[in-house]
Amino acid sequence: MFRPDALGAVPFGGGTRFSLWALGHDAAAVEIEGVGTFDLDPVGDGYFSAEIPNVGVGARYWFRIDNGPRVPDLASRCQPEGNDGPSVVVANDFAWSDAGWTGVERRDQVLYELHIGAFTRQGTWRAAASRLAALQDLGVTIVQVMPVGTFKGQFGWGYDTTLPYAPFAPYGAPDDMRAFVDAAHACGIGVILDVVYNHVGIGDHYRAYSEHYFTTRYENEWGASFNYDGEGSRAVRDFVTGNPVYWIRDFHLDGLRIDAAQAMFDASEEHILAEITRSVRAAAGGRATYVVVENQPQEHRMIDPPERGGHGMDAMVSDDFQHAVRVAATGHNDFYYRDYLGTPQELVSAVKYGFLYQGQRSDMRDKAYGTYNLATPPEHFVHFLENHDQVANSARGFRLSSLMSPARLRAVTSLLLLGPQTPCLFQGQEFGAPNPFLYFCGVSGDDARAVAEGRRKSLTNFPGVADPVMQERLPDPADPATFEASKLDWAGAERHAGILALHRDLLRMRRDDPAFSQAGERRIDGAVIGDAAVLIRYFTPDPSGHRLLLLNLGRDLQIGVIAEPLLAPADGHRWQVAWSSEHPDYDGAGRRPLDPEKFWILPSDCALVLRSEPRS
């Protein structure tokens, strides 16, 4: 029986085995540059394969199906000339130094999303590796890398992957990616990869192999959907599930972030998402893996174990938290933000329950949205203030540092980093990077015009972008200047040392204080204490471990009396101020002295942490 994980070019002692799947075709061949063309033998179920002697690492090759035009290998491990160039035979003999690495557990993680091409000016794996020590010092535990499979164009976000097994060549060689992962593990940081299995991008070569790669049974807003449940779907499923297995096994990755899972249509007995998760766990052997999913319907089954009919993933991304905080902090709730008012109660509920929409009506969708998650533990949610989508889904790709005052940004950051859910930062957020992160897609000709028009159309849902003057000034996704403008300037980490120190201190508090640990015995509750103010109470078995997080996004709040029991200290204890977002170390206005047992003021755009101490 042919092994699906042997697709592509697999070198062995005396040559290389070339294999492909092309159901519906009668013949296949491999054309090896400088060597010749060789027929592949049909081995059943649409597979073709042959061992070619004296062909080794570095050989460039193409496949031909039924004597058609030459095409790159869909399972190519290396595409030095890009999406339309020849594939290259590569070895899997990297000298790893992470034998003691045990992987990443579900609880108490801090994610950091980055784009290899824009994370540094050089835009390479090696340059990114040079910044890992800074992320370690910050308190990051998992790096979430935006998609790196080969796509059409000179640059791009990566979500239009066409050749998912070949790391995008401009970032470096496959071994450069391995070296990045190895270095991350040496820093105590896990690496997960953002993957796209819901559609195929511009300029794909799949149809040259087999129409059975795609389905016409479902509508997908982004393009052709993989065939997970129709004729020939077993081979397609093997191709797709083999991809994360490849990343976990051959690149020592620690898991996945699965993009837009709601568009992965499958009516099979075992959903493709469950099969992917199961395959990831198996490929890792004894290492712990972390699988997080973006799923717009917010379905609880994503994290339910397989024995209860679920997909067995670790966590779900929650847009609700970001949307509520953004409306609270900026006041704007147009387009998909209109389901949120940014009220203090929304902030409290997001912290207590992860998702805000759990089955009630959404105005934007004009239907019920979400599934019941009131009892879901917080480690199953990923919260964020910025990510690639939410920054770029504006006319000019503004960061939060450009949309709110420094004091307000410090305050809401505390809610993210001390909240009970798993926090995720976006590259540069930790030092308030002022440059935008824009949508960029370095294709040309008709493709570039189509991408620009699609981007313009989607953004006009925001009323401000409908302004004709703004329409004229929208950045061109295909312009290299748009890509360059999105690259981080790491000098900003020195210029904005205050906000960086705030992130570092909050993450240290999250790591060192059991009240903020997902693994500890703690309980979370919260209450509204003002027009724009909330408190979050952390209960621990030991009353001395109790903590209060107070957040005020309105004017100074005078606190004489508040009929809210969550503000009361435990018996025999009193509250003491432990931390303030207005500390001068963070470029704040200074910490006001206060005694919670007397009249005091919770300042505007400020967050405080109070700790419980025994009365003397």
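Is Ala 274 buried or exposed, and what is its relative accessible area? Ala 274 is buried, with a relative accessible area of 11%; buried means under 20% relative accessible area, exposed over 50% and partly exposed in between, computed with a 1.4 Å probe on protein chains only. The legends below describe a predicted model, in which local features need pLDDT of at least 70, side-chain atom pairs count only at pLDDT 80 or more, and totals for chains, interfaces and linings use all residues. Residues are numbered from 1 along each chain as its sequence is written, and side-chain values use heavy atoms, with hydrogens and water left out.

**Figure 1. The whole chain.** The chain has 17 helices and 28 strands. Helices (H or I, at least four residues) and strands (E, at least two) are DSSP runs, numbered from the N terminus. The C-alpha trace spans about 85 × 55 × 45 Å along its principal axes. A compact globule of 616 residues would have a radius of gyration near 25 Å, and the 26 Å of the chain agrees with this. The radius is taken over C-alpha atoms, and the globule rule is 2.2 Å times the number of residues to the power 0.38. Of the 616 residues, 60% are buried. Among contacts (heavy atoms within 4.5 Å) with a separation of 6 or more, 71% are between residues 24 or more positions apart.

**Figure 2. The surroundings of Ala 274.** Ala 274 belongs to helix H7, residues 272–284. When neighbours within four places in sequence are left aside, Ala 274 is in contact with Gly 310 and His 311. Glu 597 lies 323 residues from Ala 274 in sequence and 53 Å from it in space, C-alpha to C-alpha.

**Figure 3. Helices H4 and H6.** Two packed helices are described by the angle between their axes and the distance between the axes. Helix H4 (residues 174–186) packs against helix H6 (residues 233–251) at an angle of about 70°, with the axes 10 Å apart. Axes are lines fitted to C-alpha atoms, for helices over the stretch in contact, and angles run from 0 to 180 degrees between N-to-C directions. H4 and H6 are therefore roughly perpendicular to each other. Angles of 65 to 115 degrees count as roughly perpendicular, under 35 as roughly parallel, over 145 as roughly antiparallel and the rest as oblique. On the H4 side, Pro 174, Met 177, Arg 178 and Val 181 take part, and they meet Trp 247, Asp 250 and Phe 251 of H6. The residues of this contact divide into five nonpolar, no polar and two charged. Here Ala, Val, Leu, Ile, Met, Phe, Trp, Tyr, Cys and Pro count as nonpolar, Asp, Glu, Lys and Arg as charged, and the others, Gly among them, as polar.

**Figure 4. Strand E15 and its partners.** Strands of a sheet pair through backbone hydrogen bonds, either parallel or antiparallel. Two strands pair if DSSP finds at least two bridges between them. Strand E12 (residues 190–195) is parallel to E15, with three bridges, and Leu 193 has Leu 256 in E15 as its bridge partner.

**Figure 5. An open sheet of five strands.** The strand order is E22-E23-E24-E28-E26, with antiparallel pairing. Strands E22 (523–530) and E26 (573–580) stand at the edges with a single partner strand each, so one side of each has no neighbour in the sheet. On average, neighbouring strands are turned by 25° against each other, direction ignored. Seven bridges link E22 with E23 (residues 533–539), and Gly 526 stands opposite Ile 536 in E23. E24 and E28 share six bridges, with Leu 549 opposite Val 609 in E28. E26 and E28 are joined by seven bridges, and Val 577 has Leu 610 in E28 as its bridge partner. Helix H12 (residues 406–418) lies across E23, E24 (547–552), E26 and E28 (606–614), at about 145° to E24.

**Figure 6. Pro 543 in a loop.** Pro 543 sits in the loop between E23 and E24. Pro 543 is partly exposed, with a relative accessible area of 29%. Pro 569 is 26 residues away from Pro 543 in sequence and 8.7 Å away in space, C-alpha to C-alpha.
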